[in-house]
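Biologist: I would like to go through this model with you, one question at a time. Please give the cut-offs as we go.

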Amino acid sequence: MNALPDHCEQRLGLVIDLDTCVGCQACVTACKGWNDQGTTGPLDDVNPYGTAPSGVFFNRVHSYQVQPADGVAEIVNFPRSCLHCADAPCVTVCPTGASYKRSADGIVLVNEAACIGCGLCAWACPYGAREMNPVRGVMQKCTLCVDRIYNESLPEADREPACGRTCPTGARHFGDLADPQSPVSRLVADRGGYDLMPEMATLPTNQYLPPRRKGPPPRTSLLAPLLDLQASGLAGWLDRLLGKI
Amino acid sequence: MRPAASVILFTVLSGFGFGYLAALGLGVVTPTGGAAFGLWGLGYALAVGGLLASTLHLGQPRRALLAFSQWRSSWLSREAWAAVASLLVLAPMALSDGLGLGWPRAIGGLGAGLALATLGCTAMIYAQLRTVPRWHHWLTPALFAGFATTGAAILAQTGALAMGLCLGLSLLLGLGFRLGDRQFAASGATLASATGLGRIGTPAVFEQPHAGGNYLTVEMIHVVGRRHAHKLRAIAVTGSGLIPALVLLTLPAGWPATVLALTLHLVGALAARWLFFAEAEHVVGLYYGQR
């Protein structure tokens with residue numbers, strides 16, 4: 001039986017800093033690159049070089065414009081992947097037990113050999129974390145790079161999810177969110193990390209750090225010095241003449 | 001949600017089939033001899049045919065037997081058990097009716113209970129999903145039960161009961177459309193909560209994460225099916241209940257009236273089930289600025 005574990009010794013997950021993410025899509029590419037060739041691969045594509053390419057990705061980076069009540073709008077880049085929820089609805093709906101959550105570290109995985117491709121787990125996920133493999137007819141999802149994080153054949157620095165390892169701005173932090181003293185837990189506490197769609201009652205492990213408050217906007221336009229042009233010579237004479245008419 | 005033909009056929013046919021098997025099991029109609037084999041056979045064909053149609057929806061149908069393993073947590077698994085159990089328990093009742101063995105009706109009653117439990121499990125597969133607010137409502141099981149009992153009552157030629165159920169179903173369906181339209185807003189899920197960016201301002205989609213479609217946009221953000229929603233709602237409400245009730249009221253009782261009423265009812269049921277999927281909006285669409 002693959003019901004949800006009552007307790008997970010660790011709650012491994014990601015803390016994603018929306019303040020520092022620059023939307024470069026490097027995590028998308030690194031994720032696809034590692035997992036396409038790792039133990040969960042391939043992440044098949046359909047018509048990859050055609051006019052309507054599509055395929056499996058475990059990580060997508062959205063881009064939103066946020067308009068504060070006061071001040072100018074800002075762009076927030078928003079990586080979206082599996083949140084390895086404590087109360088993961090994708091696990092309990094699965095009729096075959098292919099979808100499961102590990103009690104040791106809280107990682108939610110799919111046993112592809114037992115998946116019938118009914119798609120119900122993807123329907124149950126609010127976050128769009130699961131995508132059906134269009135070639136093999138089985139569900140796939142983020143594994144938190146389970147084949148990297150425990151992989152002793154890799155240098156220690158590489159034993160973190162490919163998305164975080166590649167992030168050029170350090171916007172993706174990996175660690176144990178069950179340990180209140182872990183660096184990720186302290187980040188969440190310091191920066192006011194939050195759950196996505198709490199009304200769905202999934203208790204996500206992954207946390208998002210909000211963009212920091214920006215200072216007040218400058219009083220005058222940033223372009224003001226450029227606009228204050230003083231005409232001279234003939235143009236200046238014409239300017240003064242026409243101004244008097 | 002994408003209205004997949006296999007799932008629409010499955011839910012309409014097997015719903016009707018299990019409803020009719022329940023009616024036969026309870027002895028609402030007690031055909032004998034060849035008629036018994038014919039009518040029980042029809043019930044079995046609809047129920048089993050619907051279940052087979054549902055396997056077309058699977059990516060790996062060869063592993064379908066594994067779906068029996070998670071009955072403690074999964075409604076889909078419970079549905080598989082309930083379906084097989086009801087078909088097995090009702091088999092002796094069918095045999096008894098056909099051969100005139102006179103075995104106790106209690107067997108049929110138990111089988112009917114299991115058939116209705118199957119319908120309940122099917123409905124709960126959808127109703128359990130918090131992510132599709134329109135489905136996450138008591139109306140989902142109520143409508144599944146309404147369709148199954150109405151179709152069965154028409155085919156079982158129950159007269160006034162069938163007419164009453166027809167009218168009740170149309171009312172329920174109308175109520176379902178009305179309440180369903182409010183469910184997404186009532187769920188509280190918005191782009192602001194989906195991204196958490198509501199705490200710094202009002203978010204809007206600036207740029208999509210990918211230029212082409214993906215599994216999510218095809219499966220859960222399916223807007224094409226809603227194009228004729230108003231016409232389909234009218235067909236569903238009138239076809240599944242009001243017109244069949246009128247047919248049963250005006251035409252002389254008999255097979256021609258039954259077949260006509262049932263055909264109209266099934267057309268209405270198919271329209272309603274199409275909309276059940278096409279109008280169901282998944283919260284993941286929020287991330288794409290679409291529903």
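Biologist: What percentage of the 245 residues of chain A count as buried?

Modeller: This is a predicted model, in which local features need pLDDT of at least 70 and side-chain atom pairs count only at pLDDT 80 or more, while totals for chains, interfaces and linings use all residues. Residues are numbered from 1 along each chain as its sequence is written, and chains are lettered from A and ligands numbered from 1 in the order in which they are written. A residue is buried if 20 or more other C-beta atoms, placed from the backbone, lie within 10 Å of its own, exposed if 12 or fewer, and partly exposed in between. For chain A the buried share is 47%.

Biologist: What is the radius of gyration of chain A?

Modeller: The radius is taken over C-alpha atoms, and the globule rule is 2.2 Å times the number of residues to the power 0.38. For 245 residues that rule gives 18 Å, and chain A is well over it, so the chain is more spread out than a compact globule. Its C-alpha atoms fill a box of roughly 90 × 50 × 40 Å along the principal axes. The radius of gyration of chain A is 24 Å.

Biologist: How many bridges join strand 4 of chain A to strand 1 of chain B?

Modeller: Strands (E, at least two residues) and helices (H or I, at least four) are DSSP runs numbered from the N terminus, and two strands pair if DSSP finds at least two bridges between them. Within chain A, strand 4 (residues 59-67) runs antiparallel to strand 5 (residues 74-81), with 8 bridges. The antiparallel pairing of strand 4 of chain A with strand 1 (residues 202-207) of chain B has a bridge count of 5.

Biologist: How many residues of domain 2 of chain B are in contact with domain 1?

Modeller: Chain B is divided into domain 1 (1-128) and domain 2 (151-291), with bounds from an automatic or database domain assignment. Contact requires C-beta atoms, placed from the backbone, within 7 Å. Domain 1 contributes 13 residues, and the number from domain 2 is 19.

Technical notes:
Contact = placed C-beta atoms within 7 Å.
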